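The tour below goes from one selection to the next.

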Amino acid sequence: MMARKPDDVLSDPRLDPLKQEYGSYSQEDFEVWKILFERQYKILPGAASEKFLEGLQTIGFSAEGIANFEEANKRLADITGWAIHVVPGLIDDDLFFGLLYHKRFPASTWLRKKESLDYLEEPDMFHDAFAHLPLLTDPDYTRFLKELAGIALKFIDNPLAIDLLSRVYWYTIEFGLIRERGALRIYGAGILSSAGETKYCLSEEPQQLPYDVEMVMNTPFWKNKFQDRYFVIDDFEMLYASVPSIERNLVDLLEKGE
Ligand SMILES: [Fe+2]
């Protein structure tokens with residue numbers, strides 16, 4: 001892959017300009033959104049981070065209607081300046097990190113079907129919108145996301161570096177836990193969109209370890225089963241403050257790997 005300037009991403013031909021066609025959602029789509037929203041909403045108090053629950057209110061999502069990206073973008077613009085960028089599904093790493101670096105969160109607009117509420121080949125809109133977007137209202141969380149993407153762009157032509165940084169993304173943005181007023185809470189979107197993992201990750205079964213950049217970067221992950229360990233932050237400032245050590249550890253590990 002050719003080295004690219006981060007600014008190229010927004011005009012990249014691989015990213016067709018897509019929009020959420022709100023009028024084309026079916027009755028079943030609305031039902032699926034409502035079922036999933038209500039199911040999660042019931043178990044999230046006392047499990048999800050308060051920042052996430054507040055973000056859900058702030059961004060304006062509810063069970064009664066599928067998330068409206070135009071509305072959400074207006075709210076985010078005023079709060080952190082982030083925006084949703086509609087993508088058809090999974091995208092190449094350089095586009096993914098390029099969008100994040102430009103404060104655009106890639107999200108799909110399709111919803112899973114009623115007969116497969118719990119099994120997905122790829123993240124759908126319930127995961128991307130319900131679980132990811134509410135925390136785009138938090139300044140430290142979004143600063144971390146942008147800076148992590150910035151490191152990834154510097155090393156985008158090095159697959160080992162991208163694997164190591166993906167572990168950081170995985171154990172924070174997707175599967176991170178946070179301690180709030182002494183209690184373990186969830187902020188990772190991969191957990192927040194899964195009823196099963198929401199209960200499992202706070203139980204005594206998996207390990208909940210303090211967030212440690214070096215350990216995270218040395219911990220491979222699974223995509224198709226619950227994690228056996230989670231990493232716990234004290235607050236989102238801690239994530240943002242860990243950015244320099246992510247880059248330092250990355251450079252060290254790459255030197256060792258060569
Ligand atoms: Fe995700």
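Is histidine 132 buried or exposed? Select histidine 132: its relative accessible area is 2%, so it is buried (buried means under 20%, exposed over 50%, partly exposed in between, with a 1.4 Å probe and protein chains only).

This is a predicted model, in which local features need pLDDT of at least 70 and side-chain atom pairs count only at pLDDT 80 or more, while totals for chains, interfaces and linings use all residues. Residues are numbered from 1 along each chain as its sequence is written, and side-chain values use heavy atoms, with hydrogens and water left out.

Next, select the iron ion. Its protein donors are His127 (NE2), His132 (NE2) and Glu174 (OE), at 2.0 to 2.1 Å (donors are N, O and S atoms within 2.8 Å of the metal, or 3.2 Å for Na, K and Ca; water is not among the atoms, so sites may look incomplete). Histidine 132 belongs to helix 5 (residues 125–132) and glutamate 174 to helix 7 (residues 159–174), so the pair ties together parts 42 residues apart in sequence (helices are DSSP runs of H or I, at least four residues, numbered from the N terminus). Glutamate 174 is also buried, with a relative accessible area of 11%.

Now go to serine 242, in the loop between helix 11 (236–241) and helix 12 (243–257). Serine 242 is buried, at 8% relative accessible area. Leaving aside neighbours within four places in sequence, serine 242 is in contact with Phe144, Tyr211 and Val213 (contact means heavy atoms within 4.5 Å).

Methods: Helix = DSSP H or I, 4+ residues; strand = E, 2+ residues; numbered from the N terminus.
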